[in-house]
Amino acid sequence: MQVNYLLLLLLFIGSYAFAQDFSGVSYGPEERQFLDIYLGQSATPTPVYFDAHGNGGNTALPSSITNQLTSQGVSIVAWESLTSINTPGEVLTGWDDADLMLAWVKENAATYNFDTTCLFIGGSSRGSILSWKIGHRDPNVRGLYMYNALPDGIWVDSSWWYAPNEVTVTSPPLYIV
């Protein structure tokens, strides 16, 4: 019976194995400003998928996702900011962190073999909020993939941010779940 539990535990851990090529890389002066990098397998610069987690999450990604993307030549940047956001001020801090993170990635693209003309923005819940603006500001963003996107709280006060006003004819393709 204990062997079965051990096998189940190993299977669970294996699906969330940490396969980062670089972990805890600082992109800014604050302790919260770090990222994990998973390098795509390619001799030429790779497209970059950015992942931002939901409230209370972290930068760890399931190996089923990272292995699939990196084997197809896509690099992944899983970035951290505030681990939870609950106020407009915290959202603004997260947006500033997102801008700083994207600037760092562009400045260090040659080091990590990134193609900064082919970017994909992703996020879950909190991550969709913090990623929204960089996904619509940068002309090199080719698409946005967001799950549990834009939770109810973000719609409460439309005087400082209203997502439908942010989508324009120049916005990248969106896939929101």
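Student: Is R126 buried or exposed?

Tutor: Keep in mind that this is a predicted model. R126 belongs to helix α5, which covers residues 126–137. Buried means under 20% relative accessible area, and because R126 has a relative accessibility of 1%, it counts as buried.

Student: Which residue has its backbone oxygen 2.5 Å from a polar atom of the side chain of R126?

Tutor: If we set aside neighbours within four places in sequence, the residues in contact with R126 include A52, G54, N55, E80 and S81, and H53 is also among them. The backbone oxygen that lies 2.5 Å from a polar side-chain atom of R126 is that of H53.

Student: How far apart are the C-alpha atoms of R126 and I154?

Tutor: Along the chain, R126 and I154 are 28 residues apart.

Student: Within what arc do the buried residues of α2 fall, seen down its axis?

Tutor: Helix α2 runs over residues 63–71, and its residues S63, T66 and T70 are buried. Viewed down the helix axis, the buried residues of α2 line one face, because they fall within an arc of 65 degrees.

Student: Which residues form a nonpolar patch on the surface with Y145?

Tutor: Y145 sits in strand β6, residues 141–147, and it counts as partly exposed because its relative accessibility is 35%. The patch has about 320 Å² of accessible area together, and the residues that form it with Y145 are Y175 and V177.

Terms used:
Residues are numbered from 1 along each chain as its sequence is written. This is a predicted model: local features need pLDDT of at least 70, side-chain atom pairs count only at pLDDT 80 or more; totals for chains, interfaces and linings use all residues. Side-chain values use heavy atoms; hydrogens and water are left out. Patches are made of residues with over 30% relative accessible area and no salt bridge: like charges are joined within 9 Å, nonpolar side chains (Val, Leu, Ile, Met, Phe, Trp, Tyr) within 5 Å. Accessible areas come from the Shrake-Rupley method with a 1.4 Å probe; for residues, only the protein chains shown count as cover. A salt bridge is a side-chain nitrogen of Lys or Arg within 4 Å of a carboxyl oxygen of Asp or Glu. Helices (H or I, at least four residues) and strands (E, at least two) are DSSP runs, numbered from the N terminus. Buried means under 20% relative accessible area, exposed over 50%, partly exposed in between (1.4 Å probe, protein chains only). The arc is that of the directions from the helix axis to the C-beta atoms. Contact means heavy atoms within 4.5 Å. A polar contact is a pair of N or O atoms within 3.5 Å; within protein, one must be able to donate a hydrogen and the other to accept it, and residues adjacent in sequence count only if both atoms are side-chain atoms.
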